[in-house]
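Biologist: I have a few "how do you know" questions for you today. Could you show me the model first?

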Amino acid sequence: MTKKQVTNAMTTIENCIGELSYDELATLRSIVNSRLSLQQHTKIHAMKNMLRPGMTCKVNHTRLAGKKFIVNKINRTKAVLTMVGTQSSWTVPMSLIEIIK
């Protein structure tokens, strides 16, 4: 879909949501939440498959902005990273890690 088509679809959805009952909105929320959860798990799984110990990466967080890290260990949902040039180690969620190429 193009950006214009997505915008039109979102506007249509917003107009339709105003006419739904409480129960229908609750059902819609559960559908959206399950879809978001599925996409998040897929993203984490893909990142986990790409990461390897020794790789250089950065963290998408304001506290760690502009710093480079080396992957030490990969856990189920998080990775242990060491900041380049220091001995400090951070346990970071997979969703915040970006690989530096």
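Modeller: Happy to! Helices (H or I, at least four residues) and strands (E, at least two) are DSSP runs, numbered from the N terminus. On that basis, the order along the chain is α-α-β-β-β-β-β. This is a predicted model, where local features need pLDDT of at least 70, side-chain atom pairs count only at pLDDT 80 or more, and totals for chains, interfaces and linings use all residues. Residues are numbered from 1 along each chain as its sequence is written, and side-chain values use heavy atoms, without hydrogens and water.

Biologist: Why is leucine 20 called partly exposed?

Modeller: Buried means under 20% relative accessible area and exposed over 50%, with partly exposed in between (1.4 Å probe, protein chains only). Leucine 20 has 32%, so it is partly exposed. Its place is in the loop between α1 and α2.

Biologist: And how much of the protein is buried?

Modeller: Buried residues make up 16% of the 101 residues.

Biologist: What share of contacts joins residues at least 24 apart?

Modeller: Contact means heavy atoms within 4.5 Å. Among contacts between residues at least 6 apart in sequence, that share is 33%.
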